[in-house]
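User: I am new to reading protein models. Can you take me through this one step by step?

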Amino acid sequence: ARRSTIEERNITTVLLWRARSLRNTPNPWPPVAQTATQLAQSRATIARMNNIVSFLRDTKSIGELSELVVAFALSRAGYLVSKPFGENTRYDLVIDNGAKLSRVQVKTGRLRNGAILFNTYSSHSHRRGVACRPYTNEIEFFGVYCPELRSVYLIPIEHTTKLSGTIRVNETKNRQHSHVRWAQPYLIDIVEIPEVVVGSTSLNGVTEPSPPVPS
């Protein structure tokens, strides 16, 4: 367990260092809406990180990985990204576009039937059941990472409902276009991240140690 904790911290350090190093790249203020071909070029910039392994065991770990990926993508897009101190804030990140600060809540999107779905509320359990609390008037954007597409989106809260958000990647079966919120205008980056492994690898019933994280 101690080894895994050290490796996860090393992964965090590498990702944040890389995000800071790319902050001064040429054309730091590209428009939000870009083509997938242009954004796919970003994969080459972090190809050296492909041998890093992330150990995800629960929803908290998955959320932390999404937060790192979204912060990385926003930094590449030219935003100055800050992390609030403590865990009692209703937002995960603060972004600065040079003119104003905005609060961002990170969510992990799920690809279902050609659309990316994500929750727009927080939940906690108590004696009477589960309580859901929306983010109304508490954030300006949702930063959504979709692991299946390795894509990151920045979506204004007013473009979602109080309980869920949906952006469509592919056309519907009936080719309906009205009242469809397409994913492309919100696309920030396509991020190539390391293969995700849950726990240690196992071969023929023998658990092997985790591969070392490059220094």
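User: Among contacts between residues at least 6 apart in sequence, what percentage join residues at least 24 apart?

Analyst: This is a predicted model, where local features need pLDDT of at least 70, side-chain atom pairs count only at pLDDT 80 or more, and totals for chains, interfaces and linings use all residues. Residues are numbered from 1 along each chain as its sequence is written, and side-chain values use heavy atoms, with hydrogens and water left out. Contact means heavy atoms within 4.5 Å. Among contacts between residues at least 6 apart, the share joining residues at least 24 apart is 64%.

User: How many helices and strands does the chain have?

Analyst: Both are DSSP runs, numbered from the N terminus: helices are H or I with at least four residues, strands are E with at least two. Counted this way, the chain has three helices and 15 strands.

User: What percentage of the 215 residues count as buried?

Analyst: Buried means under 20% relative accessible area, exposed over 50%, and partly exposed in between, with a 1.4 Å probe and protein chains only. By that cut-off, the buried part of the 215 residues is 40%.

User: Which strands stand at the edges of the six-strand open sheet?

Analyst: Two strands pair if DSSP finds at least two bridges between them. The sheet's order is 2-3-4-9-10-12, with mixed pairing. Each edge strand has a single partner, so one side of each is left without a neighbour in the sheet. The edges are strand 2 (80–82) and strand 12 (187–190).

User: Which residue is the bridge partner of Ser-82 in strand 3?

Analyst: Strand 2 and strand 3 (residues 93–96) run antiparallel and are joined by three bridges. In strand 3, Ser-82 has as its bridge partner Val-94.

User: At about what angle does helix 3 run to strand 4?

Analyst: Axes are lines fitted to C-alpha atoms, for helices over the stretch in contact, and angles run from 0 to 180 degrees between N-to-C directions. Helix 3 (residues 59–76) lies across several strands, including strand 4 (101–108). Its angle to strand 4 is about 135°.

User: Is Val-104 buried or exposed?

Analyst: Val-104 lies in strand 4. It touches Tyr-91, Phe-142 and Leu-154, among others, not counting residues up to four places away in sequence. Its relative accessible area is 0%, so Val-104 is buried.

User: How many aromatic pairs are there?

Analyst: Rings of Phe, Tyr and Trp (its six-membered ring) pair if their centres lie within 6.5 Å; planes under 30 degrees apart count as stacked, over 60 as edge-to-face and the rest as tilted. By this rule, the number of aromatic pairs is two.

User: What kind of pair do Phe-118 and Phe-142 make?

Analyst: Their ring centres are 5.8 Å apart and their planes stand at 55°, so the pair is tilted. The pair links Phe-118 in strand 6 (residues 115–119) to Phe-142 in strand 9 (residues 141–146), 24 residues apart. Phe-118 and Phe-142 are buried. The kind asked for is tilted.

User: What kind of pair do Tyr-135 and Phe-142 make?

Analyst: Ring pairs link Phe-118, Tyr-135 and Phe-142 into a cluster. Tyr-135 has 4% relative accessibility, so it counts as buried. The ring centres of Tyr-135 and Phe-142 are 5.8 Å apart with planes at 85°, so the pair is edge-to-face.

User: Which residue in strand 11 is the bridge partner of Leu-117?

Analyst: Strands 5-6-11 form an open sheet with antiparallel pairing. Five bridges join strand 6 to strand 11. In strand 11, Leu-117 is partnered by Thr-166.
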